[in-house]
Amino acid sequence: MRYAAPPPTRRLRPAGGRIGVPRALCYDELRRYFDGALAGHGFAVVHAPRSGPETLAAGLARSVDEVCFPLKVLFGHVAALAADGVDTVLVPRLVSLAKGRNLCPKFHVLPDLIESAFPELHVLAPYVDLHHSKRRDLAAHLADAMRPVLVELGAFGPRSKALLADAWAAEAAIEDAPTVAGDAVRIAAIGHLYAERDPFLGVGVRRQLERLGAAVLGSPERLPEAAGALEEGMYYEPNVRAARAIELRLAEGADGIVLLTYFACGPDSYAADALLGRLKAQGVRVPLLRLVLDEQTSSEGLVTRLATFVDIAALGRRDRG
């Protein structure tokens, strides 16, 4: 389904120049770009507090039960921003970040969902659909997407092109942390970026693995550009990212793969089994573990499974060595 980017209907200067940014879902994909674009034009960017039980409780009060855990938490982030007095929030309409790939439909309609649940807020929704854009690269397309938003805010001007270029330079300059060295068992915990990087949405999996003495590797900031065999036929961006991250970490010598997925996530429901099945068919010799997460998952309940998995990975490493 394609969505037309609606033309700006009014110009708005948020009270105090504050624009809220939920620290959820797309936050980890393009956080530096949107923060830089808004701050460069003189707005104060207000981030929601990090996710926690109170965030989920606030989100549950505004959402329906059928949506996925991360989406419920997003509603909680917006509720926290509204409680802080923010009257304008940035919720991009993300359709595609790459040619030939798409994002989950929930990203397509996020601004509409937030507007419905929070009628008191003004929602800024840059329309990002690189697949259907005439642009070939994401930087140029993002600049196109931000232009109507800046016009709506009354902030678009002669310096906007340079400011948006600076915002992209900050995004593109993100580097990965150095690879962990030493004798620790190397476990790649791969999934949606918000599962990997938000401790609450990741249900403490990374923390538990580190407590067990493992060196935890997530998805790198920059993934290989060439498609691998593991992603064949996959259409959704998070699944393609996961496939490339797994292939990269295996090539680097990971001793085990933990695949982080979500209950009620449509793309995960088919891609997770496909990824694990293809890895087994390829004869991958490291242990594989799929975890299905939701708001009912207890981090304490994962301890035994993760401890056993780390022990098996350590034994396999010793046998391969």
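**Group meeting: one predicted chain**

Let me start with the contacts, meaning heavy atoms within 4.5 Å. Among the contacts in the chain with a separation of 6 or more, 75% are between residues 24 or more positions apart.

Before going on, some housekeeping. This is a predicted model, where local features need pLDDT of at least 70, side-chain atom pairs count only at pLDDT 80 or more, and totals for chains, interfaces and linings use all residues. Residues are numbered from 1 along each chain as its sequence is written, and side-chain values use heavy atoms, with hydrogens and water left out.

Now the overall picture. The chain has 12 helices and 10 strands; these are DSSP runs numbered from the N terminus, helices being H or I with at least four residues and strands being E with at least two. How does the radius of gyration agree with that of a compact globule? With 321 residues, such a globule would come out near 20 Å, and the chain has 20 Å, so the two agree. The radius is taken over C-alpha atoms, and the globule rule is 2.2 Å times the number of residues to the power 0.38. The C-alpha trace spans about 65 × 40 × 35 Å along its principal axes.

Next, burial. Buried means under 20% relative accessible area, exposed means over 50%, and partly exposed is in between, with a 1.4 Å probe and protein chains only. By that rule, 53% of the 321 residues are buried.

The largest nonpolar core holds 76 residues. A nonpolar core here is a set of buried Ala, Val, Leu, Ile, Met, Phe, Trp, Tyr and Cys residues joined through side-chain atoms within 4.5 Å. Which members touch the most others? They are Phe107, Met146, Leu209 and Leu291. Helix α3, residues 69–83, gives this core its largest share, eight residues. There is also a second, separate core of 19 residues, including Leu230, Ala245, Leu259 and Val286. Back to Leu291: beyond four places in sequence, its contacts include Val205, Val258, Leu259 and Leu302.

Now some single residues. Leu217 is in strand β8, residues 215–217. It counts as buried because its relative accessibility is 6%. Beyond four places in sequence, Leu217 touches Arg186, Ile187, Ala188, Ala189, Ile190 and Arg249. Arg249 is 32 residues away along the chain, yet the two C-alpha atoms are 7.6 Å apart.

Asn239 sits in helix α10, residues 237–251. Is Asn239 buried or exposed? It is buried, with a relative accessible area of 3%.

Gly42 is in the loop between α1 (27–40) and β2 (44–47). Its relative accessibility is 61%, so Gly42 counts as exposed. The C-alpha atom of Gly42 is 7.5 Å from that of Gly17, 25 residues apart along the chain.

Last, two backbone angles. Val203, in the loop between α8 (193–197) and α9 (205–211), has a phi near 50 degrees, a positive value in a residue other than glycine. Val203 is buried at 9% relative accessibility. Ala264 is not a glycine either, and its phi is positive at about 75 degrees. Ala264 lies in the loop between β9 (256–262) and α11 (266–281), and is partly exposed, with a relative accessible area of 47%.
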